[in-house]
Amino acid sequence: MITNADIAKLLRRVEAVYEVRDKDFFRSHAYENAANAVENLTISAHDLWEQGKLTEIPGVGESLAAHLDELMKTGRVKHFDAEFKRVPAGMFGLLGIRGIGPKIAYKIAKKFKLHDEKTTLKKVKQLIAAGKLAALPGLGQKMQAKIKTAIESSFVKDERLLFSEAIPVSSDFIGYIRKIPSVANAEPLGSLRRHVATVGDIDIGIATAKPTETMEVVLKYPQIHKLISSGESLVRVQLKTGHEVDIKLCSPSEWGSLLQHYTGSKLHNIALRSYALERHLSLSEHGIKNLRTKKIFRAKDEKAFYAHLGLPDIPPELREGEEELDYAKKNKIPALVELEDIKGDFHLHSDFDFESSHDIGRSKLAEYLDQARSLHYDYLGVSDHNPKRDLSVSDKKKIIEARKKYLFTQYQEYENRVKTNIPKLFIGLEIDIRSDGELALEDELLPDLDYAIVSVHNAFDLPKEENTNRLITALSHPKALILGHPTARKLNDRPGIDVDWEKVINFCRANSKVLEVNAAPDRLDLPDDLVKMAVRGGVKVVIDTDSHQVANMDFMKYGVWTARRGWCRKSDVINTLDLPDLKKVLK
DNA sequence: GCCGTTTTCGGCCCGACTGTTTTCAGTCG
């Protein structure tokens with residue numbers, strides 16, 4: 001089945017051809033819009049096609065829908081193929097390399113007769129080595145060097161950064177910047193500020209009345225490896241870690257506009273600017289220009305920026321397209337869940353040593369309780385993996401009893417020692433869902449548990465229908481309360497399992513089952529788009545850290561951010577409940 | 001090629017930076 005990314009790539013190629021031919025700028029622009037929209041879809045375009053809803057994609061009209069229909073049916077689009085024939089195929093091998101756009105790609109492919117996409121990169125490398133690229137009109141030594149670097153680094157830098165990588169790098173740099181006396185404000189921007197699960201590069205905004213002086217000190221940050229580009233208001237550096245960081249400067253009076261502009265997303269900004277234009281206002285990072293009076297409104301913070309457009313402040317996590325703008329216009333932006341709302345964590349792995357189906361935890365219960373107390377949690381749920389499946393039932397029973405005793409003894413010792421504000425302890429298990437949907441633990445061993453998380457840990461490649469039935473079968477068990485890391489995806493590693501989520505969500509609502517938002521930074525699962533689907537479908541979620549050691553309890557913020565991106569309110573999350581209400585959920 | 005709180009025609013987000021020019025095109029976010 002063709003993926004959204006494949007479709008977007010195809011549309012961008014058509015866009016490139018139109019741009020090269022310089023014939024119809026706005027037509028190429030339309031293809032770009034459509035490519036962006038498809039890339040940002042939260043469901044597969046193929047599914048939309050099956051439902052006859054292609055034109056519901058913003059930017060896809062009658063004509064593009066017909067082309068995509070042909071694509072889904074035959075795998076080709078005759079019109080696209082005809083357009084592609086007008087340019088040397090080698091140019092497509094160059095698209096996507098930083099610094100090379102359609103025009104330059106075409107110029108190179110045309111001049112050197114590059115007609116095979118697959119061999120293009122190799123040939124261009126040879127041309128660079130021979131110095132032949134620099135001789136092209138419009139190019140020069142510097143462009144050739146730039147392209148050389150870009151081609152070399154494109155083989156290295158492919159994966160996007162996880163939070164757990166990006167946050168320490170950006171926090172350290174921002175910490176350094178904030179200590180500079182002339183700096184009024186410094187914040188992360190872009191996808192990092194919108195709390196997207198993975199980020200491309202790191203953007204930092206700085207407000208200062210003394211830009212030159214400030215930038216001089218910023219560039220002395222010891223972790224900087226080299227300067228990539230620098231202007232008056234925008235500098236790009238590469239750190240010794242290899243990460244690229246964009247730094248944007250503005251005066252304190254423009255801080256709100258800068259934050260807004262560079263937080264994006266691109267689609268949010270495009271929608272917002274169209275909305276502003278209808279009101280004769282033009283938006284930029286410098287402020288809001290009244291097109292009639294030519295006066296510029298400079299926003300000192302974001303609230304003032306949105307207020308000037310007659311809109312409430314929109315949380316960065318929601319700024320992904322047009323939907324949030326519709327809600328803002330009606331003043332219906334929901335109050336999203338906050339980290340401070342969280343009152344407990346149900347997915348911790350203890351250090352009880354046994355023949356476990358997967359890895360055991362490394363921290364003592366007392367350490368988890370200490371941390372829970374400092375976070376002002378009211379309760380804590382320990383859910384180790386189920387015992388190995390091939391053990392006898394009696395051995396498993398022994399293990400489960402020994403574990404309970406182990407945890408209770410430690411809990412009592414803790415109570416005797418600490419005495420006050422001790423979180424309530426719930427004893428659960430995380431049980432594997434087998435490929436047929438059966439739980440990897442016998443029924444007779446379940447009644448003693450306070451709750452069970454059921455999770456997929458193998459057989460990731462089953463067909464959609466089998467996976468859907470598998471999850472529903474597992475959740476049908478009366479003790480199964482929570483579906484753990486529901487898609488089983490691992491970021492930068494493996495995609496989620498193929499599931500009819502609408503069916504699973506309907507089942508969860510009808511049977512009061514809870515979907516987990518697993519906060520481990522390489523999971524963030526449910527993904528934000530499915531959180532949104534679940535919440536809209538009336539299903540409750542639980543935000544858990546899946547901690548294997550006490551330091552992992554700090555992951556909670558990643559889970560909250562992901563939930564916020566899914567439009568999740570406090571009332572949608574069961575671990576924001578007070579203990580008495582929570583106990584009702586566990587019954 | 002898309003789209004509609006002035007519109008089914010006539011608009012289409014906006015600016016910074018680089019490199020190659022000699023006033024601007026191409027790319028990026």
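**Salt bridges and other local features**

Reply: Happy to! Let's start with Glu32, which forms a salt bridge with Lys266, the closest N and O atoms being 3.4 Å apart. That pair links distant parts of the chain, with Glu32 in helix α2 and Lys266 in helix α13, 234 residues apart. Keep in mind that this is a predicted model.

Me: Is Glu32 buried or exposed?

Reply: Glu32 is buried, because its relative accessible area is 19% and buried means under 20%.

Me: What lets side chains pair up like that in general?

Reply: Side chains of opposite charge can pair when their charged atoms come close.

Me: How many salt bridges does the count come to?

Reply: The count comes to 37 salt bridges. Another one of them is between the side chains of Asp47 and Lys464, at 3.5 Å from N to O. Here too the pair links distant parts of the chain: Asp47 is in helix α3 (residues 45–50) and Lys464 is in helix α18 (residues 464–476), 417 residues apart.

Me: And how accessible are Asp47 and Lys464?

Reply: Asp47 is buried, with a relative accessible area of 19%. Lys464 counts as partly exposed, at 30% relative accessibility.

Me: Which residues are joined into one network by salt bridges that share partners?

Reply: Arg193, Glu302, Asp313 and Arg319 are joined that way.

Me: Switching topic: how many disulfides are there?

Reply: The count comes to 0 disulfides.

Me: Now the backbone. Which peptide bonds are cis?

Reply: One of them runs from Gly264 to Ser265, with omega near -5 degrees. Ser265 lies in the loop between α12 (255–263) and α13 (266–278). A cis peptide bond also joins Asp525 and Leu526, where omega is about 10 degrees. Leu526 lies in the loop between β16 (514–518) and α20 (528–536).

Me: Why point those out?

Reply: Because most peptide bonds are trans, and likewise most residues other than glycine have a negative phi.

Me: OK, so which residue has a positive phi although it is not a glycine?

Reply: Asn331 is one of them, with a phi of about 55 degrees. Asn331 sits in the loop between α15 (323–329) and β11 (344–348), and at 59% relative accessibility Asn331 counts as exposed. Ser512 is another non-glycine residue with a positive phi, also about 55 degrees. You'll find Ser512 in the loop between α19 (501–511) and β16, and Ser512 is exposed at 56% relative accessibility.

Me: What about the surface? Which residues form a negative patch?

Reply: Asp436, Glu438, Asp443 and Glu444 form a negative surface patch. Among them, Asp443 is in the loop between β13 (424–432) and β14 (451–455). Asp443 is exposed, because its relative accessible area is 52% and exposed means over 50%.

Me: Last one. Where does Leu483 lie, and is it buried or exposed?

Reply: Leu483 lies in strand β15 (residues 480–484) and is buried, with a relative accessible area of 0%. The C-alpha atoms of Leu483 and Ile431 are separated by 9.8 Å, and those two residues are 52 residues apart along the chain.

Me: Thanks, that helps a lot!

Methods: Residues are numbered from 1 along each chain as its sequence is written. Chains are lettered from A and ligands numbered from 1 in the order in which they are written. This is a predicted model: local features need pLDDT of at least 70, side-chain atom pairs count only at pLDDT 80 or more; totals for chains, interfaces and linings use all residues. Side-chain values use heavy atoms; hydrogens and water are left out. Patches are made of residues with over 30% relative accessible area and no salt bridge: like charges are joined within 9 Å, nonpolar side chains (Val, Leu, Ile, Met, Phe, Trp, Tyr) within 5 Å. Accessible areas come from the Shrake-Rupley method with a 1.4 Å probe; for residues, only the protein chains shown count as cover. A salt bridge is a side-chain nitrogen of Lys or Arg within 4 Å of a carboxyl oxygen of Asp or Glu. Lys and Arg count as positive and Asp and Glu as negative; His and the chain ends are not counted. The place of a charge is taken as NZ of Lys, CZ of Arg, CG of Asp or CD of Glu. Helices (H or I, at least four residues) and strands (E, at least two) are DSSP runs, numbered from the N terminus. Buried means under 20% relative accessible area, exposed over 50%, partly exposed in between (1.4 Å probe, protein chains only). A disulfide is a pair of cysteine sulfur atoms within 2.5 Å.
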